[in-house]
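Please open the structure in your viewer and keep the selection panel at hand.

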Protein chains: 2
Amino acid sequence: MNFSDRLKQAASQTEQMLDALLPSPVDVGRERSLFEAMRYATLGGGKRLRAFLVIQSSELFNVNKQSALRVAAAIECLHAYSLIHDDLPAMDDDNLRRGKPTVHIAYTEATAILAGDALQTLAFEILAHADTHPDPNVRISLIQALATGSGGAGMVGGQAIDLAAETAGADPLDMPEISRLQSLKTGALIEFSCLAGAILGNADKDQTNALKNYAEAIGLAFQIQDDILDVEGDEATTGKRVGKDEKAGKATFVSLLGLQEAKIKAQSLVKDANYAMNVFDHTNKTAAEPLRQVAEFVIARSS
Amino acid sequence: MNFSDRLKQAASQTEQMLDALLPSPVDVGRERSLFEAMRYATLGGGKRLRAFLVIQSSELFNVNKQSALRVAAAIECLHAYSLIHDDLPAMDDDNLRRGKPTVHIAYTEATAILAGDALQTLAFEILAHADTHPDPNVRISLIQALATGSGGAGMVGGQAIDLAAETAGADPLDMPEISRLQSLKTGALIEFSCLAGAILGNADKDQTNALKNYAEAIGLAFQIQDDILDVEGDEATTGKRVGKDEKAGKATFVSLLGLQEAKIKAQSLVKDANYAMNVFDHTNKTAAEPLRQVAEFVIARSS
C-alpha cells in the first residue's frame, strides 16, 4: 500500500472506531445537542495525524489492531476537545476549522465548552476500558502519559503560554520560549501518539527513546510547517484562517528564523526523525517505513 | 470528635493534599497565571462535601488515609473544574462563588477555560498515580467511575440538559426530567464520592448497593436544599447569587413541589440515607455515623 492510501485507511478506521465510541444522539433527552456537537467536532475531517502515529507506532511492536485503534480514537477525542476550546471567542476566536464552521458557531458557545469537556473525559474513559488492553498496568501507563501530555504541564500549559504572549504589552517570545511553547502545546500530544505503540507493545528503553526523539523532531517540524502555511498557505486549502499570526504580530518560527531558514530547519528535522527510526532496522524495518514517510509528509503538506 | 470538627478536619486535610498535588506557580514561565487560577479555584473554600464523602466512605472499609485523601483531592479538582466552567459568561454567567469573584472575573475568561481543562486532567492524573492505590485494577475502577460520572453520560450531560431547558421557548422541565437532570448534574459525582470508599476498600455487593442508595438519597436531598436556599437563602451566607432560578423562570424542585413539600421530601430522603447505612451495623457502625450525620447536614446547611 502506498503512503497516501495508508494514511486514508488509518483515517477511515479511526473514524469508524470514533463513531462506535462517541455517545449516540439518538433516543436521548435534552442533552442531544451536546452529543451532536461532540460528533460534529470529532468525525468527518482532519488529517488524523495523531491517530496515524498511534497506529504506525503500534505496528512496530505488532500490537493488536483493536488496541491501537482505541488509543487512536482516544487521542483524536483529546485533540478535538483542544481544538474546540482553542477556537472559542475568549481564546483564538476562530470561526473556521477543517473547512467547517467551528463548534461554537455551528452550535452555541456553551455547547462548545461542554462538548470539549466531555470529549476530554471520553478520551480517558476509552483508555481505561479493558478492551483497550488486557493488562491494567498498560492502561494506567497510557492514562498517565496522556494526562501528563495534555494537562497543565503539557498541552494546556502551552496554550496558556501562547495566550500570555498575545496579551497587549507582553514581550514577544524569544527562540527558547517559542521552542518550549511548541513542545508543550503541540509536541506533547505528538509524543504521546508515538509512544502509545511503545507502551502498548512493551518496548525496550532504546526503542522508547528512539520514538521520543522521532516524536520531538516531527513535532517541531510540524509546527514550523504550520507557521510556514500561515504565511504561504491559502484558506481554501488549509481549511482555516491564514495570515493570523503575522496580523497579530505574533512571534513564530518563521518570524524568528525567516522563511528560508525555517524551511531548512524543518528539512533537517525530518532527517533527525529518519535517523531515529534506524533502531528498528533489525527488528521491524517494514513497519518503520510509514513513520519515515509521515515525517516527509509533515513538511510537504499544504493543509 | 463532633461532626462539625470532623468536617473541618477533613476539609483541612483535603486542602493540604490539594496544595501538594496542584502545580506550583513558582519558577515557571508565562503559564504562571494558569497555575495561579487552578489554585485560586481549588484552594481556600467550599464545604468539601465530596471530599468528606470519600474520606468517610473509605473509613467504612479501613482504607489507608493517604489513598482516601488523594481520591478526595481528585474529586475536588473535578468539582472545581465544573464550577469554573459553569460560571463562565457563556454558561451561568456568575461573578460570585464561595464568596469570592469567579475565576473568569479574577483572571480572564481564557484562563478560566484552561484552568478548568487542566483541573479535569489533573483529577485523572491523581487517580492514575501508584500512590493512590497499589493495585492498578483499583485505580482503573476509580478512573472509570469518575469518567462515567463526570462525562456526557453524567455531570456534563446534566449541565447540557440544564442549559437546553433555559433556552428561550423551551418547555419547562417536568418532574421526571428534573429528577434526571439532578441525578446527572450533581448526583453522579456524589455517587462517585460515596462509592470511592467501596472501590478502594473492595466492598461486597450489598455494601456497594447500600452506598449507592445512600448517595442517591443525599444527592437528591442536596439538590432540593440548594433549590430551597435559592429561595430562602441570602448571598452573604451562601456565598453565591440567590433567587436566580426564580428570576430565570426555571423549574426547580421547589417550583414543582412547593416549598413545604420540598422540605418534607428532603427530610424523607435523609431517612432513606440513614436506612441504607444499617448494612454496616454489624461491621463498622462507628464509621457509618458521620455518613448519617452528613445526611442531616445536607438539608440543615444554610450555605
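Predicted model: local features only at pLDDT ≥ 70, side-chain atom pairs only at ≥ 80, totals over all residues.

Residues are numbered from 1 along each chain as its sequence is written, chains are lettered from A and ligands numbered from 1 in the order in which they are written, and side-chain values use heavy atoms, with hydrogens and water left out.

**Stop 1: both chains**

Select chain A and chain B together. The same surface serves both copies, since 100% of the contact residues of chain A recur in chain B.

**Stop 2: the interface**

Next, select the residues of each chain that are in contact with the other (heavy atoms within 4.5 Å). The selection holds 49 residues of chain A and 49 residues of chain B. The two chains bury about 3,800 Å² between them, 66% of it on carbon and sulfur atoms; this buried area is the accessible area (1.4 Å probe) that two parts lose on being put together, summed over both.

How many salt bridges are there between chain A and chain B? The count is 4, where a salt bridge is a side-chain nitrogen of Lys or Arg within 4 Å of a carboxyl oxygen of Asp or Glu.

Helices α2 (32–42), α4 (65–87), α6 (109–128), α7 (136–150), α8 (155–166) and α9 (175–200) of chain A each supply at least two residues of the side that touches chain B. Of the elements of chain A, α6 gives the most to this side, with 11 residues.

**Stop 3: a salt bridge between the chains**

Select B:Glu31 and A:Arg180, which form a salt bridge with the closest N and O atoms 2.4 Å apart. Is each partner buried or exposed, taking buried as under 20% relative accessible area, exposed as over 50% and partly exposed as in between (1.4 Å probe, protein chains only)? B:Glu31 counts as buried, at 2% relative accessibility, whereas A:Arg180 counts as partly exposed, at 37%.

**Stop 4: salt bridges within a chain**

In chain A, select A:Glu166 and A:Lys250, a salt bridge whose closest N and O atoms are 3.0 Å apart. A:Glu166 lies in helix α8 and A:Lys250 in the loop between α12 (244–247) and α13 (253–257), so the pair ties together parts that are 84 residues apart in sequence. A:Glu166 is partly exposed at 36% relative accessible area, and A:Lys250 is partly exposed at 22%.

Then move to chain B and select B:Asp162 and B:Lys250, a salt bridge with the closest N and O atoms 3.3 Å apart. B:Asp162 in helix α8 and B:Lys250 in the loop between α12 and α13 of chain B are 88 residues apart. B:Asp162 is buried, with a relative accessible area of 6%, while B:Lys250 counts as partly exposed at 23%.

Finally, return to chain A and select A:Asp162, A:Glu166, A:Lys185 and A:Lys250, which salt bridges that share partners join into one network.

Note on methods. Helix = DSSP H or I, 4+ residues; strand = E, 2+ residues; numbered from the N terminus.
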